[in-house]
2 protein chains.
Amino acid sequence: MIITVTLNVALDVTYHVPALVPQASHRVVEAVERPGGKGLNVARVLAALGHPVAVTGFAGGPAGEEVRRQLAAATYAGRLTDALVPIAGKTRRTVGVVDGRGRGATQFNEPGPTVGAGEWQALLTAYRDMLAAGADAVALCGSLPPGVPIGAYAELIREARAAGVYVLLDAEGPALRRGLAARPDLLKPNAGELAGLTGFAEPERAARDARRRGARAVAASLGADGMLVLAGDGGWRAAPPVRLTGNPTGAGDSAVAGLLSGLAEGLPWPARLARAVALSAATVLAPAAGEYDPAAYADLLPRVEVVPATS
Amino acid sequence: MIITVTLNVALDVTYHVPALVPQASHRVVEAVERPGGKGLNVARVLAALGHPVAVTGFAGGPAGEEVRRQLAAATYAGRLTDALVPIAGKTRRTVGVVDGRGRGATQFNEPGPTVGAGEWQALLTAYRDMLAAGADAVALCGSLPPGVPIGAYAELIREARAAGVYVLLDAEGPALRRGLAARPDLLKPNAGELAGLTGFAEPERAARDARRRGARAVAASLGADGMLVLAGDGGWRAAPPVRLTGNPTGAGDSAVAGLLSGLAEGLPWPARLARAVALSAATVLAPAAGEYDPAAYADLLPRVEVVPATS
């Protein structure tokens, strides 16, 4: 069992329009809704890979109900446990407008609901119970909604470590900085977040610095350059074997699923890294944003070359 | 009691963003949701004017639930009766993106849910019961969702006329053409719809033609030029007394509310027209799209000049 925590759950809506024209009225050809927020994306990929996963975080209002309905109805329902904590506020929606001319999506992200102090305590209680029941790993993913203390990730990391559960952090800004100080087992930033955290643009130098700041290991997404891992027992890089064109939405979340599924299966670091890079690439190549293409994954995985990091 | 029929109900969502940039990601500063669809807009204005009103049409899914929740919670709840018919499909949402630079809204309209044959029959039954209970007028407003027969408005008009209830039609395209043949008491097109229906660009000529095609009276919205009425007992024009700048969303629906509230109060045509023009102008001037500004309405109403139409 892997636990993913998504404090700022979303209902991700994609609107397909022939052409986006500012100040015009558009007839939406197709509207697709699906559960969103980074930890839910990670959970969906884990479940598709065959791993039991429990999702927690906050859900409320009509969009929260729709998220829960879709989680229950999904074909991987048997492997995905909904442990979301109900809140009085309304789960946010995001709207991505996809233009039929093949240009990038135009994204609108609603602010998250305000979480009450009692609701945060309810989540902590549920989280402790899940840790006590036993888990292979926890993934803490994404932004903090208003009302959740800025030290939330630090507290969740301390709880996981006290329970002896491996904990991954994928966050940014102050939530990342505060979480890092609580010493997560793995930090999963992208290149921009890593540079913002450490002040170093060169990824290996920045990853070394992030380890000094508290991360036991660092797995950095480097976009088209693949991923870099620096851990206590070595460092590795891997890049996708083909040049990727497509939608990078969710590629980082698929990488998190690759890393944690490999961990749960007892794979060594190079195999976990190869899986993360292949899943991430198969997500960029998938027709729908945030999904991965299983055939592309099966094709790419044996072709990902993992090399030692230079330092 | 006035009945408004909104077959294609919507939950209208307004996103406020600092600046709309295609292909960029936007943090929504404020998201406002309210019941939408032309007949619900008409009903809200009627209730605000003090008239008892019943709304029917179709509602389903999370957006339909939110529409019903807001209708029940509104301060005019005592005057507004929710007689929406539940459907298995999901009520659509519309998203209007308002740019802080004061430019016009960028609008995205989801397709409506497909209505089943049994659901359409359930609406007809509810509608007949409402007519039998007695009503001053019925307003049939807006587009038809998939699954509703193209002759829906014709059928609803025949039922109203059989019950002796005054019936107004505000539609476009084939639904308008088919409805017109059933002889509504009042047709409320805008200039573009009227020209599209008749082939005449000149409003008075077009309105005369629409009366020949079946409308007992025509009240045409002419944008900044106000309104034109042609009825059996005369013709009148009225324009707003000030130059209007603002958001015209919902101005036509406020005009419908003005016309029907005046009818219910037994006002003669010129007074109904003045009310429609003043309400419409007060809607353009209101800070929120689709609301009207009561102070502006009170100020404008006595200043609207009604003149006989030229023919």
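This is a predicted model: local features need pLDDT of at least 70, side-chain atom pairs count only at pLDDT 80 or more; totals for chains, interfaces and linings use all residues.

Analyst: Residues are numbered from 1 along each chain as its sequence is written, chains are lettered from A and ligands numbered from 1 in the order in which they are written, and side-chain values use heavy atoms, with hydrogens and water left out.

User: What makes the relation of chain B to chain A that of a two-fold axis?

Analyst: A rotation of 180° with 0.1 Å of shift along its axis superposes chain B on chain A, with an RMSD of 0.0 Å. That is the relation of a two-fold axis. In chain B, the C-alpha nearest the axis belongs to Pro62(B), 2.6 Å from it. The superposition is by least squares on the C-alpha atoms of residues with pLDDT of at least 70 in both copies.

User: How do you know that the copies meet through the same surface?

Analyst: Of the interface residues of chain B, 100% are also interface residues in chain A, so the same surface is used by the copies.

User: Why is H8(A) called largely enclosed by the rest of the structure?

Analyst: Buried means under 20% relative accessible area, exposed over 50%, and partly exposed in between, with a 1.4 Å probe and protein chains only. In H8(A), 11 of the 14 residues are buried, so the helix is largely enclosed by the rest of the structure. Among the buried ones are Ala251(A), Asp253(A), Val256(A) and Leu260(A). Helices are DSSP runs of H or I with at least four residues, strands are runs of E with at least two, and both are numbered from the N terminus. H8(A) covers residues 251–264 and is followed by Gly266(A), whose phi is positive, near 75°.

User: What span is expected for H8 of chain A, and what does the helix reach?

Analyst: The expected span is 1.5 Å times one less than the number of residues. With 14 residues, H8 of chain A reaches 20 Å from its first C-alpha to its last, close to the 20 Å expected. H9 of chain A (residues 269–284) has 16 residues and reaches 23 Å, close to the 22 Å expected. H9(A) is mostly covered, with 14 of its 16 residues buried. H9 of chain B, also residues 269–284, reaches 23 Å, close to the 22 Å expected. In H9(B), 14 of the 16 residues are buried, so it is largely enclosed by the rest of the structure.

User: Why is Gln23(A) called partly exposed?

Analyst: Its relative accessibility is 31%, which lies between the limits for buried and exposed, so Gln23(A) counts as partly exposed. Gln23(A) is in the loop between strand E2 (10–17) and strand E3 (25–27) of chain A. Its phi is near 70°, positive in a residue other than glycine. Most residues other than glycine have a negative phi.

User: What counts as a contact of Pro35(B)?

Analyst: Contact means heavy atoms within 4.5 Å. Not counting residues up to four places away in sequence, Pro35(B) touches residues including Ala10(B), Leu40(B), Arg44(B) and Val67(B). The C-alpha atoms of Pro35(B) and Ala10(B), 25 residues apart along the chain, are separated by 6.3 Å.

User: Which residues of chain B does Ala24(A) contact?

Analyst: Leaving aside neighbours within four places in sequence, Ala24(A) is in contact with Ala105(B), Thr106(B) and Gln107(B). Ala24(A) is in the loop between E2 and E3 of chain A, and its relative accessible area of 24% makes it partly exposed.
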